[in-house]
Amino acid sequence: MSQNEVDRSKRRFLIAATTAVGGVAAAGVAVPFLASWLPSQRAKAAGAPVEVDISKIEPGMIVNVGWRGKPVWVVNRTKEMMDLLVKHDGKLSDPKCEVPQQPEYCKNAARSRKEHANILVAVGICTHLGCSPSEKLKAGAEGGMGDDWHGGFFCPCHGSRFDLSGRVFAGSPAPINLEIPPYKYLSDSRILVGDDSKGA
Ligand code: FES
């Protein structure tokens, strides 16, 4: 092999080696770059809908499920509770739910989907300054809310009162009703909080 042929051969080898190393480096850069555009597992978990088995909630009971870092109440209201809901409209700030604090399908006195009108799903955050109201589900004087109490929620921070649909009583510091999140029924006994696509 002449000296010229040796030099050409060395050059070809160097070019090939440089290309291969460059390719690996590019791939090494591409993966983290792509990963930086994908939502993290934590972000997905924070916004992911939450499934709730309502068959496990006894009549008259409440469960607290977290969704997007907020408390969300699911209440299985009894017939007696539902009957009382329509008896204090005159004391509420927004009995007909005109302020859009609920999806359209919950714009009714029960503030719930018609499939199971007795099931209330509400964000448990006071619309005054964001405290978490306490549940005062039982009607009557027993819970310390007075003889004419029909059941609902009481915010201990500044005294806002809400009925069992999360509608605020007039005179409370809270200006509007509690928020109703989007939700839908997956079956007769399961709801998905945070997602109302298809059938909303
Ligand atoms: S934060 Fe609830 S009444 Fe003020």
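This briefing walks through the cysteines of the structure above. It is a predicted model, in which local features need pLDDT of at least 70 and side-chain atom pairs count only at pLDDT 80 or more, while totals for chains, interfaces and linings use all residues. Residues are numbered from 1 along each chain as its sequence is written, and side-chain values use heavy atoms, with hydrogens and water left out. The structure holds 1 disulfide (a pair of cysteine sulfur atoms within 2.5 Å).

**The disulfide**

- C131 and C157 are the partners, with their sulfur atoms 2.0 Å apart.
- The bond is left-handed, because the torsion about the S-S bond of C131 and C157 is about -95°.
- C131 sits in the loop between β4 (119-123) and β5 (134-136), and C157 in the loop between β6 (152-154) and β7 (161-163), so the pair ties together parts that are 26 residues apart in sequence. Strands here are DSSP runs (E, at least two residues), numbered from the N terminus.
- C131 is partly exposed at 22% relative accessibility, and C157 is partly exposed at 37%. Partly exposed lies between buried (under 20% relative accessible area) and exposed (over 50%), using a 1.4 Å probe and protein chains only.

**The cysteines C97 and C106**

- For C97, the closest cysteine sulfur belongs to C106 and is 9.1 Å away, too far for a bond.
- C106 is in no disulfide either, with the sulfur of C97 as its nearest cysteine sulfur.
- C97 is buried, at 1% relative accessibility.
- C106 is buried as well, at 0% relative accessibility.

Notes
Helix = DSSP H or I, 4+ residues; strand = E, 2+ residues; numbered from the N terminus.
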